[in-house]
Amino acid sequence: MQKIIPNATTYTDKGPKPDGGKFLSFDHVTFYVGNAKQAASYYTTRMGFENLAYQGLETGSRKICKYVVRQNRIVFVFVSAYEPGNHEIGDHLVKHGDGVKDVAFAVEDLDVIVKRAKERGASVVRDVWEESDEFGTVRMATVKTYGETQHTFVERKNYRGVFLPGFKAPLYEDVLTKVLPPTYLDFIDHVVGNQPDLQMESVAAWYEKVLMFHRFWSVDDSQIHTEYSALRSIVMSNYEETVKMPINEPAKGKKKSQIEEYVEYYGGAGVQHIALNTGNIIAAIENLRARGMHFLSVPDTYYDQLRERLSHSRCKIKEDMDTLQKLNILIDYDENGYLLQIFTKNMQDRPTLFLEVIQRHNHNGFGAGNFKALFEAIEADQEKRGNL
């Protein structure tokens, strides 16, 4: 095995502070799927989400249906078409399979953000529009980012409804919600986009130019590689550093990397994984496993080496190491703190989107020290699929 150098690059220069217009947080993530009803049920049953809102034939939506699920501040929207002639959703599904179409941000001063984005070259999918109901008004706009992925900006300061206008209460109560164990997922930590080779820099530059995001963290293939594959990654963030968008690309290796596999099966650039932050990763993973979720595993030698390295570090892990090992939770650390993370298996048949569960203890990195172990676990799955 080649030696990995886990040190990442962090950036302190945020660039000029945007003059008005603020990105607050992730608002929601929209998925195009073949069967929204079943997709929503999977996330409520397996992942511990609850049904939040619905839009469909019963609410007057004749073309598409939307099922909205929520867990604390995490909101996912699953969208399917009713009619066979819906090319927007149908063509997207044929090309990409079930996947993320839109990553929405909650914003202040929508007009300022959109005006600035247009002046800086944004491709506007839909200019500012309003939607209203008895709970108030929401203002939104949508721009194109990498691949066929979009960002919708959501200004909801004058809205008091549960989600967005036009949505009603769920059609059914999921009786399993009350009997299955809670999974303690709190908010979206980051959303990762995979790019074809040599497209990472141009995408990062788009976030810098159009949204006035800045580089927060990065690694290259001299730092992140296994015997077979490697990656480069740049994490882009808004000025307040409440929204983080890592951008990955493959680097040349002996065999096909997981990012190349993603791009091949997704049909281009797209969202690779969504990281969900928790304050109690041990309870979260124990209960997610009890609900039937499947996660990547790493060999026991990972923990043997980790214990040895930690014995020479000032960093002290509060959690029980044997429990972390039993659950296959990874640990990355420096002298100031540490993070705990674990990755699900793919969330659909194509080896594309997966989820991450992460807990941070005074550590703002993205698991650079774990990339080698993660890559080797993914490579083991790739080999089973015949794609390594």
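Of the 388 residues of the protein chain, 56% count as buried, where buried means under 20% relative accessible area, exposed over 50% and partly exposed in between, with a 1.4 Å probe and protein chains only. The model is a predicted one, in which local features need pLDDT of at least 70 and side-chain atom pairs count only at pLDDT 80 or more, while totals for chains, interfaces and linings use all residues. Residues are numbered from 1 along each chain as its sequence is written, and side-chain values use heavy atoms, with hydrogens and water left out.

The overall fold comes first. The protein chain holds nine helices and 17 strands; these are DSSP runs numbered from the N terminus, with helices (H or I) of at least four residues and strands (E) of at least two. Its radius of gyration is 21 Å, which agrees with the value near 21 Å for a compact globule of 388 residues; the radius is taken over C-alpha atoms, and the globule rule is 2.2 Å times the number of residues to the power 0.38. Along the principal axes, the C-alpha trace spans about 60 × 50 × 40 Å. Among contacts (heavy atoms within 4.5 Å) with a separation of 6 or more, 70% are between residues 24 or more positions apart. The accessible surface amounts to about 17200 Å², with 49% belonging to carbon and sulfur atoms, as computed by the Shrake-Rupley method with a 1.4 Å probe.

Charges are the next topic. The chain carries 47 positive and 53 negative side chains, and the centres of the two sets are 1 Å apart. Here Lys and Arg count as positive and Asp and Glu as negative, without His or the chain ends, and each charge is placed at NZ of Lys, CZ of Arg, CG of Asp or CD of Glu. A salt bridge is a side-chain nitrogen of Lys or Arg within 4 Å of a carboxyl oxygen of Asp or Glu, and the count by this rule is 17.

One of these salt bridges pairs E83 with K63, with the closest N and O atoms 3.3 Å apart. E83 sits in the loop between β5 (74-81) and α2 (87-96) and K63 in the loop between β3 (50-55) and β4 (64-71), so the pair ties together parts 20 residues apart in sequence. E83 is partly exposed, at 40% relative accessibility. A second example joins R139 and E130 at 3.3 Å, N to O; R139 is buried at 19%, whereas E130 is exposed at 52%. In a third, E261 and R385 meet at 2.9 Å, N to O. This pair links distant parts of the chain, 124 residues apart, with E261 in helix α5 (residues 258-266) and R385 in helix α9 (residues 371-385). E261 is buried at 2% relative accessibility, while R385 is partly exposed at 33%. Salt bridges with shared partners also join D111, E130, R139 and E155 into one network.

Helix α6 (residues 281-290) is mostly covered, with seven of its 10 residues buried, among them I281, I282 and L288. The cover over these buried residues includes α1 (36-47), β10 (185-194), β14 (270-278) and β17 (354-361). Just after α6, G292 adopts a positive phi of about 100°.

Finally, A269 lies in the loop between α5 and β14 and is buried at 8% relative accessibility. Leaving out residues up to four places away in sequence, A269 touches Y146, G147, E148, N194, Q195 and P196.
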